[in-house]
Amino acid sequence: MPTPKRLYLLDAYALIYRAYYALNRNPRINSKGLNTSAILGFANTLLEVIQNEKPDYMAVVFDPKGLTFRSDFFPEYKANREKTPEDITAAIPYIKSLIDGMGVERIEVEKFEADDVIGTLSKKAEKAGLHTFMMTPDKDYGQLVSENIFMVKPAKSGNPAQVLGPKEICENFGVKRPEQVIDFLGMSGDSVDNIPGIAGVGPVTARKLIAQFDSVENMVAHVDEIKNPKLKIKVADAIEAVLISKRLATIELNVPVELELDKLLLDEPKREELNDLFNELEFRTFAKRVFGETASPIAAAPSAGMQTDLFGGAEEVVEEFATTLKTIDDIEHKYEVADTPQKRANLIETLNSAMAFCFDTETTGLDSLTDELVGMSFSFNPHTGVYVPLPNDLEESKKIVNEFKSVFESDKIGKIGQNLKFDIAFLASYGIDVQGQLFDTMIAHYLLQPDMRHNMDLLSETYLNYKPMSIESLIGKKGKNQRSMRDVDMETITKYAAEDADITLQLKMHFEPLLAEKNLLELFAKVEMPLIKVLAEMERNGVKLDVSALGKFSEELAIGIRALETQIHEHAGESFNIASPKQLGDILFGKMMLSEKAKKTKTGQYSTGEEILVKLEGKHPIIRDILDYRSLTKLKSTYVDALPELVNKNDGRIHTSYNQTVAATGRLSSTNPNLQNIPIRTPKGKEIRRAFVPQDEEHILFAADYSQVELRIIASMSGDEAMIHDFNEGIDIHTATASRVYDVPLEEVTSDIRRNAKTVNFGIIYGISAFGLSERLGIPRKESATIIKNYFEKYSGIKSFMDSTVAFAKEKGYVETLMGRRRYLKDITSRNAIVRGFAERNAINAPIQGSSADMIKVAMIRIYEAMQKAGLKSKMILQVHDELVFDALKEELPTLQVIVEREMREALKLKVPVVVDMNTGENWLDAH
């Protein structure tokens, strides 16, 4: 028997919305300011289907522009839905052009939703002997599934896409037949579509009613047979609502649309139309994927961004920027190699006479402590560059590098580069201390466009319309088969390296006037650039790790984990995989019935996230044990067992990498390891800090931490008289807030209301809502709303500051820190309340968090300079949030403490005192 032909029907808007929100926190914005997230996400889905599934027939189905037939008999249908985000509205014409250009049929029927059209076509295709695959994340489609009709749910959170047949649908919804999905939706309702259902009846109860009565109609006819008196009243009161709800949830199968298979055949992509579209959208790599490596005139580049596709979930692909780009073959240039002593002497003479020069390094790897330099390149005029190759012999290589010591260490010659910290770190290993005014193009672009990516290839293509040579074209893709830069022939590496320096120089010339125009030059020159050398030295210093202490802690955690595992299995009455969300959900909610309102994920399994379990903690001791089990297993695998693997074998220290261009707020982040995420909220988590120790017995760890700095900043920025008064009087700010908000004398503030006040104080900075506060404090929403209302009455200056900040953002499109750092908020005027609300919260938080980030950066620079001036041998080794940690020579400690406290307190002038908590200890935990 021949295999049935396959028809693929895509629910356009469901997939478009999914793509948009998947990238909402890190949107794809092209150089014209167009948010291409929804277009790119949908385009990837479309192409994956065409190329991987190779359907016989295919169509993309859109909802109609106006109201549907459901609104005719139930005007409230979908009345609660937020307005479509402007970015999606703007994306639709591009998506439709893309579909047409790809040779895919596009269907839209007036008055009928996409699921009605897809349902009708699916049933007609079934009669014609086809297998139909409905692509959508919308659960309603489950009612259509049969032996010949399948639902395909897109990949999510790293899990693959799901193809659901009758068995999977019945398991997910807890019903006997797929068509009972309609009854399930009719009973439980749908707040998104404003389908009322039965008030007070959720998924669990709906399943029980279906199991008893089989259908809504049979339930209505036999209401008296419902044994639970409260449930009987609920159903009896909702007979009209549940019948209309089922009608609303029923997918119409008689839409006036024909199954015209000849039209559903795939055509060849329309090259000319698509080229124009991809150029306008700047979809360089997508064009390559459509047309192949050589078929398209649009250039391609290595992976860099985030893709959301139907089959693979979120995976690394390129940032989609392009026009028809120029390359090294199109631009006249002069790239030379200085491979003799005389040529190097001539180059050094030229560099000595320059006001500034751009340089770049080629290396055998990314670790400046273990890898070596392969060569250096220089540029001092656009379209020129000189490459200096270095030999394999390390001592000979060091001699050549040190020929350039005078120019690198001249404080009269500026140095330009892309990610200069990397180059400075490698040169430090060769005895070179880079001096002079720095200009880092990566950081310059970060200040100009903090939400974009900042790699050189992307910047070159976006701002210079030029595609540099790819590193992969020299040494291949990342992996075990990647070659070393030492393997590249001299002519090729000369072009590559000199081009990098040249392009970086051109980017500097492009960005410098933009920094001036945006009033960012002072922040750039006085904060971000001096910080580079501070961070480079901190990374080089590293911090000593007591590996044996972590080994013992790992054993202790393993014993605790095994004990909890045994206890959890005893509570459950059986053994199961605690790490499996499905098995855990079945135990807690299927077997133990710990919640009647247990939520299920879109894959049909019970939700067992921490936020779910925390609310159930009082129901059974197993919950606390599970939370503790999760905490300990994560602690052990992510930190205790992982940190020793990151220790440098030469010096026994961990050397984290600090990133200046990741967090849009201006905060530093760190990687390998991420020190910002080391848990400190639990006693066990804090123990990890005990393994961070001084270098020897002559040293001690010294930590200095800003106290409540963000609250002090908001008090200063807002000018709120009450909060400024409390800080100036030295009153504990959370006690003062509790006193004001609860209207009790200071001496009568209890620990409970102080804790509530603390939550409000910090929550306000992040735009906490009454709902959010009620969730955090475990109090009724009405009470939390009253607390917030009282807070803003007592601290009216803060309310005015928040309102004026949002108003400023709506007028200007950005907000600023005390030092002028900008955060752009393109969604601040969105018609969609969810999108706009997110931007408004960012508008309030960014100036505060950003000013805090600026403050500690300034302090770090001044402390570093003061330590050098005093000739101290102590080292700054860690920066985590508002804390600095030093490996202090004990005899220098008094001098160091004076320097650190002074510079941290005076980093930014505030209207309230800045308090710095300082401690010392034989490990980081004791010093914190």
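This is a predicted model: local features need pLDDT of at least 70, side-chain atom pairs count only at pLDDT 80 or more; totals for chains, interfaces and linings use all residues.
# Helix packing and backbone details

Visitor: Are α12 and α13 roughly parallel or roughly antiparallel?
Guide: The axes of α12 (residues 271-281) and α13 (residues 284-291) come within 10 Å and cross at roughly 160 degrees. An angle over 145 degrees falls in the antiparallel class. The pair α12 and α13 is therefore roughly antiparallel.

Visitor: Is the crossing of α12 and α13 left-handed or right-handed?
Guide: Two packed helices are described by the angle between their axes and the distance between the axes. Beyond these, a sense of crossing is assigned, and for α12 with α13 it is right-handed.

Visitor: What is the distance between the axes of α28 and α35?
Guide: Helix α28 covers residues 709-718 and helix α35 covers residues 833-869. They pack at an angle of about 115 degrees, with an axis separation of 9 Å.

Visitor: Which term describes the direction of α28 relative to α35?
Guide: The angle in this packing is about 115 degrees. Angles from 65 to 115 degrees form one class, so α28 and α35 are roughly perpendicular.

Visitor: How many nonpolar residues are in the contact of α28 with α35?
Guide: From α28 come Val 709, Glu 710, Ile 713, Ile 714 and Met 717, and from α35 come Pro 847, Ile 848, Gln 849, Ser 851, Ser 852 and Met 855. By class, one of these residues is charged, three are polar, and the nonpolar ones number seven.

Visitor: How many charged residues are in the contact of α22 with α35?
Guide: Helix α22 (residues 521-541) packs on α35 at about 65 degrees with the axes 9 Å apart, in a left-handed crossing. Leu 523, Lys 526, Val 527, Glu 528, Pro 530, Leu 531, Lys 533, Val 534, Leu 535, Glu 537 and Met 538 of α22 take part, together with Asp 854, Lys 857, Val 858, Met 860, Ile 861 and Tyr 864 of α35. This contact holds 11 nonpolar residues and no polar ones, and its charged residues number six.

Visitor: Is Ile 834 buried or exposed?
Guide: Ile 834 sits in helix α35. Its relative accessible area is 53%. Because the exposed class begins over 50%, Ile 834 is exposed.

Visitor: Against which helices do the buried residues of α8 pack?
Guide: In α8 (residues 203-213), the buried residues are Val 204, Thr 205, Ala 206, Arg 207, Leu 209, Ile 210 and Phe 213. The helices that these buried residues pack against are α6, α7, α9 and α10.

Visitor: Which residues does Asn 761 touch, leaving out those up to four places away in sequence?
Guide: Asn 761 belongs to helix α31 (residues 751-765). With a relative accessible area of 1%, Asn 761 is buried. With residues up to four places away left out, Asn 761 touches Leu 711, Met 723, Ile 733, His 734, Thr 737 and Tyr 791.

Visitor: How many disulfides does a search of the whole structure find?
Guide: Among the cysteines, Cys 170 is buried at 13% relative accessibility, and Cys 358 is buried at 0%. As for disulfides, the number found in the whole structure is zero.

Visitor: Which residue is joined to Asn 672 by a cis peptide bond?
Guide: Most residues other than glycine have a negative phi, and most peptide bonds are trans. Here omega is about 0 degrees.

Visitor: What is the phi of His 383?
Guide: His 383 is in the loop between β11 and β12, and at 32% relative accessibility it counts as partly exposed. Although His 383 is not a glycine, its phi is positive, about 70 degrees.

Visitor: Where is Asp 743 found?
Guide: Asp 743 also has a positive phi, near 55 degrees. Asp 743 is exposed, with a relative accessible area of 63%. Its place is the loop between α30 and α31.

Notes
Residues are numbered from 1 along each chain as its sequence is written. Side-chain values use heavy atoms; hydrogens and water are left out. Axes are lines fitted to C-alpha atoms, for helices over the stretch in contact, and angles run from 0 to 180 degrees between N-to-C directions. Helices (H or I, at least four residues) and strands (E, at least two) are DSSP runs, numbered from the N terminus. Angles under 35 degrees count as roughly parallel, over 145 as roughly antiparallel, 65 to 115 as roughly perpendicular and the rest as oblique. Contact means heavy atoms within 4.5 Å. Ala, Val, Leu, Ile, Met, Phe, Trp, Tyr, Cys and Pro count as nonpolar, Asp, Glu, Lys and Arg as charged, and the others, Gly among them, as polar. Buried means under 20% relative accessible area, exposed over 50%, partly exposed in between (1.4 Å probe, protein chains only). A disulfide is a pair of cysteine sulfur atoms within 2.5 Å. A crossing is left-handed if the near helix is turned anticlockwise from the far one by less than a right angle, and right-handed if clockwise.
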